[in-house]
Amino acid sequence: MKSALTIGTILLLSACVPTTTPTTETKPSTKPKTTATAPKAPQVTRSASSGVSAYKRVAQRVEPVAEAACRSFSRDMPRTFCDFRITVDQDTRKAPNAYQSVGSDGRPVITFNINMLRTIKNDDEVAFIMGHEAGHQIARHLVKKRSNANAGALLGALVMAGLGGDPTDGANLGGAIGAQSYSKKFELQADRIGAHIATRAGFDAIKGARSFERTGGSNSLLSTHPPGADRFATVQQTVAQIRAARAQGQTAPIKW
Ligand SMILES: [Zn+2]
């Protein structure tokens, strides 16, 4: 079951921004392969330092809102569960990406890489994506993905062994399928939570979600991401609910 454990570890990451190719889960600490994963030149809109400044500026406002939202759903979890760390991956070779992971100290980590920050058009986009990544933590998606991956790997190994094949191959395939089984649903859930967090932090979530128009989501059958149009519609619907509640002097509860 060694390979099943490996899959479970890799899928602790949630790569969230579809790039020009169907996105696979990307482990940030490993060196990118020099062939297939070499990024296409991103549509750069700003300098790296400007992108990092925007990121820090937005994080100051979004992080406390994300933490408060997280705590309201995580009373059964240790304090570290909602203590977000927000970081930048400075590797200029990687395709634009943002993802959530969990550090060795148990704290959730939201990482934007530097090319992502160079393609961001405005602070609303940073805020929405940051809220989306926090949403994965709030909805406990990494834990669910890992358990799906492990269940899939076990099933795959058993099926392959039954067919006389290599159980490791079965575990790899089953683990990948298991991890993807809820990915699209999870992305839409994170979009709903992200819309709430960005709005509560004072940003325009609809404007922020316009990055889907550039990335397009992905219609690939094997993609972990729903199409961009579905995601944008989800954000529009959520913001409409938030505004309707506000018009009555209320705060819309976060639902996903
Ligand atoms: Zn995501």
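**Close-up views of a predicted model**

View 1. Helices (H or I, at least four residues) and strands (E, at least two) are DSSP runs, numbered from the N terminus. The model is predicted: local features need pLDDT of at least 70, side-chain atom pairs count only at pLDDT 80 or more, and totals for chains, interfaces and linings use all residues. Residues are numbered from 1 along each chain as its sequence is written, and side-chain values use heavy atoms, with hydrogens and water left out.

**View 2. Asn122 caps the N-terminal end of helix 4.** A side-chain oxygen of Asn122 lies 3.1 Å from the backbone nitrogen of Asp124. Helix 4 comprises residues 123-138 and reaches 22 Å from its first C-alpha to its last, close to the 22 Å expected; the expected span is 1.5 Å times one less than the number of residues. Because 16 of its 16 residues are buried, helix 4 is largely enclosed by the rest of the structure. Buried means under 20% relative accessible area, exposed over 50%, and partly exposed in between (1.4 Å probe, protein chains only).

**View 3. Helix 7 is largely enclosed by the rest of the structure.** Just after helix 7, Gly202 takes a positive phi of about 95°.

**View 4. Lys94 is a buried loop residue.** Lys94 lies between strand 2 (85-89) and strand 3 (98-102) and has a relative accessible area of 12%. Its side chain makes a polar contact with the side chain of Asp89 at 2.6 Å. A polar contact is a pair of N or O atoms within 3.5 Å; within protein, one must be able to donate a hydrogen and the other to accept it, and residues adjacent in sequence count only if both atoms are side-chain atoms.

**View 5. The largest nonpolar core has 41 residues.** Such a core is a set of buried Ala, Val, Leu, Ile, Met, Phe, Trp, Tyr and Cys residues joined through side-chain atoms within 4.5 Å. Val62, Phe112, Phe128, Met130, Ile197 and Val235 touch the most other members. Elements that each supply at least two residues include strand 4 (108-113), helix 4, helix 7 and helix 10 (228-247). Helix 2 contributes the largest share of this core, nine residues.
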